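Subject: Handover of a structure

Dear colleague,

Please find below the structure that I am handing over to you. I would be grateful if you kept it open while reading the notes that come after it.

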Amino acid sequence: MPEIIPFDVAVIGAGHAGVEAAVASAKRGCKTALFTISLDQIGNMPCNPSIGGSAKGHLVREIDALGGIMGMAGDACCIQMRMLNLSKGVSVHSPRAQADRRKYHTYIKQICENAPNLQIIQTEIADIEIDENQCVKAVVNRFGAKYPCKAAVLCTGTFLNGMVYIGKTGVESGPDACLPARSLSAKLTAHHITLRRFKTGTPCRVHRRSIDYSVLQPQFGDPNPQPFSYASDAKVYRNDAVCYIANTTEETHRIIRENIQESPLYSGMIHGVGPRYCPSIEDKVIRFPSRERHQIFVEPTGLDTEEMYMQGFSTSLPEHVQIQMYRSVKGLEHVEIMRSAYAIEYDCINPLCLSHTLGFRGFHGLYAAGQFNGTSGYEEAAAQGLVAGINASAYVKGEQELELSRKSSYIGTLVDDLVTKGTEDPYRMMTARSEYRLSLRHSNADARLTETGRRYGLISDVRWAEFTAKMNRIESGIERIKAESVRPDAVNAYLELVGTSPIAQSVRLDTLMRRQQVNCSDILAALGIDLGLQGEEPAEVSHRIKYEQYIARQDQQNAHLAHLEKIRLPEGLDYHTVHGLSSEAVEKLTKQMPENLSQASRISGVSPSDVSILMTWLKAGGYHGE
């Protein structure tokens, strides 16, 4: 078989996972190939034209803090920015940007095209060659051309054996009527990689002119938007797009119920498991029969297109039913469908076969990221792609690979959940998944992860200097606030103004700032104190002071987990020899082979008593961990 060009790292797939993996690998000095079935699919948004959202916005900021590209792209292509969950605690505030879909694709494609050490190749990869030592040797396209490489990252998204369904008709296809990847699944199976089927879906795109906006509820962007990227200037934002909210009706639900057997989900044509937290409209109607209506978010896909996206209204019903269903909604009575909704079924893996580096257990140099790992969402995919790209390049360079802890980030939580718990349906990140969420705010992602990004060569000298200066200002500001004592005559007028009780004697400034009604910037201004803080820094100072006691309590509660992380389990341990473990625990532990007791404790089916038995067994055998 003829060889073409040797590479260090081959990335298969150029969606949100693939581009992060490829750019990170190339930026770290590895000669990298990014393979895609179509150049027009690079950084594509086949579903919702948005970046961020609840918990997902945290992921985007963490990607940016590590040196990834999604945050900058989201800022550059934003047409509306909003901060979600403002009525809740600051730890769950999440930025969300409505994006110009085509501009986003172009922006990401240009980053990839201009990245040194990165070559983009349009072709379908059909095989991965593995040598007798289980090391990656090459990737091979379906025409037989071989590309030697030392590492490969699988980021196939929904293309792998993709089948698109509308009604009772299914056709081989990737998203957006693109060709699927037909050949790779069989080769992965031949390498003893077990595949399974998941499914997702997307709603119709409709013509802007066919909507009656006068009966819909408008949603405007924030007046002072906050960017995703710590390197972005919010002044560059286009924040003038308007989104709208509509609602299904009883007539909508009647149409769905009467035609439910026309849905491939209910006729038995689709066997893949769909997303629990983003179900189709027919799933919502059948699963929640008492609900009188479901919200639909009507969103522009760009400023220079007439296409409007109907978030929350995905379906795989036949096209004649789709038009009836959509026109039963108030404001959509005369809607013109431009792109029909569809469901897509695809091959993916159970991520239990991966380690915390996102490398396959039992292979050397083979990594996976994105929907191929059983997740849903652009942000989850990009986060995994960044980790896999860093680690594929670290493997090639002989460096220590990156493993992010749950305490460090939502990315660490995401990876740990996948590789220790697995997932039975497409995984979606939520703030409730993290036991450290009080300290994992979107606003402090740089404080948590920029040093790691710098260590792996993804943070420039200029950005590092800006980051260290920012951290110095925040630390010195907090130190001064904690050292400052405030007299009643200096602060009581302000306290009464904001509706909190005055003080009778001098009080430390940080004590006052812990009051809910007290704003950091406002009280400092009232006292005439200038800490030299810039941009988001006063808010971050305030958050750190207000949350300090709560975070200390959280850390105390999680100290037991930290202790368990230090107790490592012997590699290749035969759990059948550990007397007292439940049969389910033996089965799950043998299958997942956790690296430490903390990971073992998070496996479904492993009880606290099983963990205690393991700890006793380790101590009795003289094995005490690190």
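The model is predicted: local features need pLDDT of at least 70 and side-chain atom pairs count only at pLDDT 80 or more, while totals for chains, interfaces and linings use all residues. Residues are numbered from 1 along each chain as its sequence is written, and side-chain values use heavy atoms, with hydrogens and water left out.

The pocket

Rolling a probe the size of a water molecule over the atoms shows where empty space is left. A pocket is an open set of points on a 1 Å grid over the protein atoms alone, where a 1.4 Å probe fits, with protein on both sides within 12 Å along at least five of seven lines; lining residues have an atom within 4 Å of a point. The second largest pocket holds about 720 Å³ of space, a volume being the space filled by probe spheres set on the points. It is lined by 28 residues, and Val-90, His-93, Asn-519, Ala-539 and His-543 are the closest to its centre. Helix H16 (520-527) and helix H17 (537-565) each supply at least two lining residues, and H17 gives the most, with nine. Helices (H or I, at least four residues) and strands (E, at least two) are DSSP runs, numbered from the N terminus.

The sheets

Two strands pair if DSSP finds at least two bridges between them. Strand E8 (residues 136-141) pairs with E9 over three bridges, and Val-140 stands opposite Lys-146 in E9.

A second open sheet, also antiparallel, has four strands in the order E12-E11-E20-E13. Its edge strands are E12 (169-172) and E13 (195-202). Strand E11 (residues 163-166) and strand E20 (residues 342-349) are joined by three bridges, with Met-163 opposite Glu-345 in E20.

Leu-332

Where does Leu-332 lie? Leu-332 is in the loop between helix H9 (319-327) and strand E19 (337-339). Leu-332 counts as buried because its relative accessibility is 0%; buried means under 20% relative accessible area with a 1.4 Å probe, protein chains only. Leaving aside residues up to four places away in sequence, Leu-332 touches Ile-211, Met-310, Tyr-326 and Arg-327, where contact means heavy atoms within 4.5 Å.

Yours sincerely

How values were computed
Buried < 20%, exposed > 50% of the residue type's maximum accessible area, 1.4 Å probe, protein only.
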